[in-house]
Amino acid sequence: MREYSMVDHYPVSARDFATAGDASASIKRKLKQLGVDSAILRRIAVASYEVELNLMIHSVGGTLTMMMSPDEILLVSSDAGPGIPDIEKALQEGFSTADEEARNLGFGAGMGLPNMRRNADEFSIQSALGRGTEIRMRFRLQ
Amino acid sequence: MTIAGIVDILDARVLCGSENLGQEVTTACGSDLMSDVLAFVKDKTILITGLTNVHVIRTAEMLDIHCIVFARGKIPGEDVLSEARELGIAVLSTCHTTYTTCGLLYQAGIRGNNDCVPQARPAAKAE
Ligand SMILES: Nc1ncnc2c1ncn2[C@@H]1O[C@H](COP(=O)(O)OP(=O)(O)OP(=O)(O)O)[C@@H](O)[C@H]1O
Ligand SMILES: [Mg+2]
């Protein structure tokens with residue numbers, strides 16, 4: 001097991017459009033203070049924001065966890081449902097089940113998951129209907 | 001070009017961040033889809049949009065976007081502006097449409113910044 005010097009948990013509520021993004025903003029500020037390279041930090045911030053918004057828009061609520069070791073950042077999103085019926089399809093650019101409210105705010109392009117996958121050095125997703133979804137993203141620091 | 005130059009070209013109002021008007025701008029991105037912005041913006045850039053909710057500011061924060069231009073004379077609420085102010089983001093409002101705003105900036109030498117890869121055609125829906 002890798003040793004993480006820092007483990008932060010951020011609860012993310014379902015359908016709370018006003019505060020969604022706060023966790024990612026905190027993560028970004030913290031990592032910036034710790035001196036993480038700005039290009040890497042931007043990739044982490046984009047992936048974190050996308051995954052946080054998905055928790056808020058699509059899940060019943062969950063947790064975003066950020067872990068840091070000297071050579072990597074690990075972001076884990078986990079929620080308690082409803083799960084993704086067809087992961088293959090959800091990963092395609094343009095696939096979205098976002099509702100009107102999310103679309104009106106500029107979301108629902110179906111770009112989030114592909115965007116996370118592009119930005120992370122390692123990306124994995126597991127989902128079970130009725131149980132929930134877990135996404136893990138690893139970012140190398142050097 | 002500087003943000004001050006952009007204010008000039010667009011005949012824009014500066015809603016906040018006037019202390020940053022000297023900062024350089026080289027590229028721009030125009031979109032109302034925040035996840036497209038999150039997908040395509042690569043470098044320090046300005047964002048032109050017709051959306052005025054707080055997620056525009058949060059998206060800008062994630063991408064280190066230092067200037068936002070609201071088109072068609074739109075003015076965001078004070079809650080949105082105060083977040084921008086805290087982050088040191090310059091916020092402008094112009095009466096031009098998004099299309100015209102982008103055209104004027106392009107003409108002035110501001111380029112886009114993307115590397116678009118065409119999407120696969122969507123699979124036919126099974127009825
Ligand atoms: N945590 C989750 N729980 C349940 N379904 C999810 C979750 N995350 C994503 N999905 C499903 O996967 C689809 C694709 O997600 P993705 O983030 O790529 O696009 P989007 O959120 O719909 O739009 P965008 O991210 O462009 O604003 C979603 O529309 C939703 O159906
Ligand atoms: Mg999404």
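What follows is a short chat about a predicted model with a ligand and two chains, A and B.

Q: Where does ligand 1 lie?
A: Ligand 1 lies between chains A and B. Keep in mind that this is a predicted model.

Q: How many residues surround ligand 1, and which are the closest?
A: There are 21 residues around ligand 1. The closest are A:His58, A:Ser96, A:Thr97, A:Gly108 and B:Ser35.

Q: What lies 2.7 Å from an oxygen atom of ligand 1?
A: That is an N or O atom in the side chain of A:His58. A:Ser96 also has a polar side-chain atom 2.5 Å from a ligand oxygen. A:Gly110 uses its backbone: an N or O atom there lies 2.8 Å from an oxygen atom of ligand 1.

Q: How much of ligand 1 does the protein bury?
A: The protein buries 95% of the 590 Å² that ligand 1 exposes when taken alone.

Q: Which elements give two or more residues to the shell around ligand 1?
A: Two helices of chain A do: helix H2 (38-58) and helix H5 (112-119).

Q: And how do the shell residues divide into nonpolar, polar and charged?
A: Nine are nonpolar, ten are polar and two are charged.

Q: Let's stay with H2 of chain A. Is A:Val46 buried or exposed?
A: A:Val46 sits in helix H2 of chain A. Its relative accessible area is 2%, so A:Val46 is buried.

Q: What is A:Val46 in contact with, leaving aside neighbours within four places in sequence?
A: Its contacts there are A:Asn115, A:Asn119, B:Leu38 and B:Leu63.

Q: How far is A:Val46 from A:Lys28?
A: Their C-alpha atoms are separated by 9.6 Å. Along the chain, A:Val46 and A:Lys28 are 18 residues apart.

Q: Which residue other than glycine has a positive phi near 60°?
A: A:Arg15 does. A:Arg15 is in the loop between E1 and H1 of chain A. Its relative accessibility is 34%, so A:Arg15 counts as partly exposed.

Q: And which has a positive phi near 55°?
A: That is B:Arg72, also a residue other than glycine. It lies in the loop between strand E4 (67-70) and helix H4 (78-87) of chain B. B:Arg72 is exposed, with a relative accessible area of 53%.

Q: Changing topic: which residues does a cis peptide bond join?
A: It joins A:Gly81 and A:Pro82, with omega at about 10°. A:Pro82 is in the loop between E3 and helix H3 (87-90) of chain A.

Q: Now A:Ile125. Where is its place?
A: A:Ile125 is in strand E4 (residues 122-128) of chain A. The residue is buried, at a relative accessible area of 16%.

Q: What touches A:Ile125, beyond neighbours within four places in sequence?
A: A:Ile125 is in contact with A:Ile84, A:Ile87, A:Leu91, A:Leu113, A:Thr133, A:Glu134 and A:Ile135.

Q: Over to chain B. Where is B:Thr27 found?
A: B:Thr27 is found in strand E2 (residues 27-30) of chain B. At 12% relative accessibility, B:Thr27 counts as buried.

Q: What joins the side chains of B:Thr27 and B:Thr45?
A: A polar contact of 2.8 Å joins them.

Q: What else is B:Thr27 in contact with?
A: Leaving aside neighbours within four places in sequence, its contacts include B:Lys44, B:Ile46, B:Ile110, B:Arg111, B:Gly112 and B:Asn113.

Notes: Residues are numbered from 1 along each chain as its sequence is written. Chains are lettered from A and ligands numbered from 1 in the order in which they are written. This is a predicted model: local features need pLDDT of at least 70, side-chain atom pairs count only at pLDDT 80 or more; totals for chains, interfaces and linings use all residues. Side-chain values use heavy atoms; hydrogens and water are left out. A residue is near a molecule or strand if one of its heavy atoms lies within 4 Å of it. A polar contact is a pair of N or O atoms within 3.5 Å; within protein, one must be able to donate a hydrogen and the other to accept it, and residues adjacent in sequence count only if both atoms are side-chain atoms. Accessible areas come from the Shrake-Rupley method with a 1.4 Å probe; for residues, only the protein chains shown count as cover. Helices (H or I, at least four residues) and strands (E, at least two) are DSSP runs, numbered from the N terminus. Ala, Val, Leu, Ile, Met, Phe, Trp, Tyr, Cys and Pro count as nonpolar, Asp, Glu, Lys and Arg as charged, and the others, Gly among them, as polar. Buried means under 20% relative accessible area, exposed over 50%, partly exposed in between (1.4 Å probe, protein chains only). Contact means heavy atoms within 4.5 Å.
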